[in-house]
Amino acid sequence: MKVSSIGKFLDQPLLSNSLSRKMPLILASSAAAFGIKDTLEQQKDERKKRAVKNAIILGTITLSSVLASRFIKIKGESLLDAIPKEKILLKQRQVIDNFVAENKNLAQDTVSILNKAKNKILSLKDTDCLLEQISDKKNKDRLVTTLFGGKDDITSGKILQEISKLSIMGFIPVASGILGGIAADKAINDYSKEKTTNKLKEGIYQFFANIFLCNVGAGTFLYTAEKMHEKGLIKKLTPLKKTVVILGGILSVGVFGGSHIANFIGNKVVNPIVDKFNKNDEKKQCKKEERKPEALDIALHTDDIATAGVLSGLKWIEPLLPVMYLVSGYRSAIGYRNTNLDKDKNHTHN
């Protein structure tokens with residue numbers, strides 16, 4: 001089986017459409033599973049409070065993410081657009097019928113697979129078999145593009161166009177996580193200004209370091225490389241080289257640059273505001289701290305690479321972005337701070 005077949009299988013418009021329609025269920029199930037697992041990991045006398053806290057936080061993030069994905073629009077398009085399934089099937093049926101009419105001597109196996117594609121998602125085995133059997137047929141390119149999506153040339157312009165969309169998709173769970181976290185603390189009588197401050201700081205960190213600046217980094221690094229090619233300083237970028245350039249932008253601007261920017265905002269903006277309200281209480285004055293990027297923070301940047309569409313077959317991840325951003329929202333909700341882990345060892349695994 002060819003690696004390219006795996007990419008084509010994953011990039012089927014019907015598969016992406018199915019995931020988009022099922023996103024609310026996938027997100028809710030993921031949140032519930034995480035909440036149950038986290039609750040059961042606590043000591044027995046703490047489980048009730050933790051269950052209430054997780055229910056409020058994860059419920060708030062899930063509901064806000066689902067509503068935002070459907071009702072917030074950018075240039076007339078929803079954050080997560082789900083094209084009607086029948087519209088996709090109608091186009092596939094028309095192209096398949098034309099292809100069969102133009103190629104009279106198709107093998108029975110090929111016709112059988114094409115008939116399946118008229119109504120449902122093809123399996124990986126059928127995808128590989130079909131691609132091999134139609135490799136020398138007339139007008140196969142149109143058929144492949146319709147069933148498995150077109151192969152776009154990723155440019156810095158296309159990535160930069162997605163920044164506003166991705167930023168809003170990431171901001172919603174972070175903001176709702178902070179609000180849900182504050183509400184959860186009050187519900188279990190565990191509210192404090194210090195915890196709210198940590199939520200704000202972690203929210204800023206998650207948004208800038210793990211979401212917004214990663215997209216900016218990917219776009220600007222690729223833009224710079226494109227300009228260097230235009231001036232003859234480097235050779236034309238292959239898809240693999242574009243991947244490396246985008247990874248460099250994500251890591252440099254997002255993970256490390258974003259980390260410093262987020263920490264700067266936390267220490268220079270959030271702390272002074274909080275200290276102003278606590279000016280008569282030296283014990284509540286905020287201390288300067290450094291939130292360092294971790295393996296999980298870096299892992300969250302898979303969404304940036306996927307949305308950019310650099311690697312074949314990763315478009316299907318876009319409907320799953322809300323699930324990835326759930327982690328950022330939850331960390332914001334609990335005010336995760338890796339510089340002070342001894343305060344709450346139960347949070348080290350989150």
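What is the mean pLDDT of the chain, and what share of its residues reach 70 or more? The mean is 83, and 85% of the residues reach 70 or more; pLDDT is the predictor's confidence in each residue, from 0 to 100. This is a predicted model, in which local features need pLDDT of at least 70, side-chain atom pairs count only at pLDDT 80 or more, and totals for chains, interfaces and linings use all residues. Residues are numbered from 1 along each chain as its sequence is written, and side-chain values use heavy atoms, with hydrogens and water left out.

Helices are DSSP runs (H or I, at least four residues), numbered from the N terminus.

Over residues 309–313 the pLDDT is below 50.

Helix H6 (residues 124–133) and helix H7 (residues 140–148) have axes that come within 11 Å and cross at roughly 165°. Axes are lines fitted to C-alpha atoms, for helices over the stretch in contact, and angles run from 0 to 180 degrees between N-to-C directions. H6 and H7 are therefore roughly antiparallel (an angle over 145 degrees). In contact (heavy atoms within 4.5 Å), Thr 127, Leu 130 and Leu 131 of H6 meet Val 144, Leu 147 and Phe 148 of H7.

Lys 199 belongs to helix H9 (residues 193–230). Beyond neighbours within four places in sequence, Lys 199 contacts several residues, including Asp 185 and Ser 332.

How values were computed. Helix = DSSP H or I, 4+ residues; strand = E, 2+ residues; numbered from the N terminus. Parallel < 35°, antiparallel > 145°, perpendicular 65-115°, else oblique.
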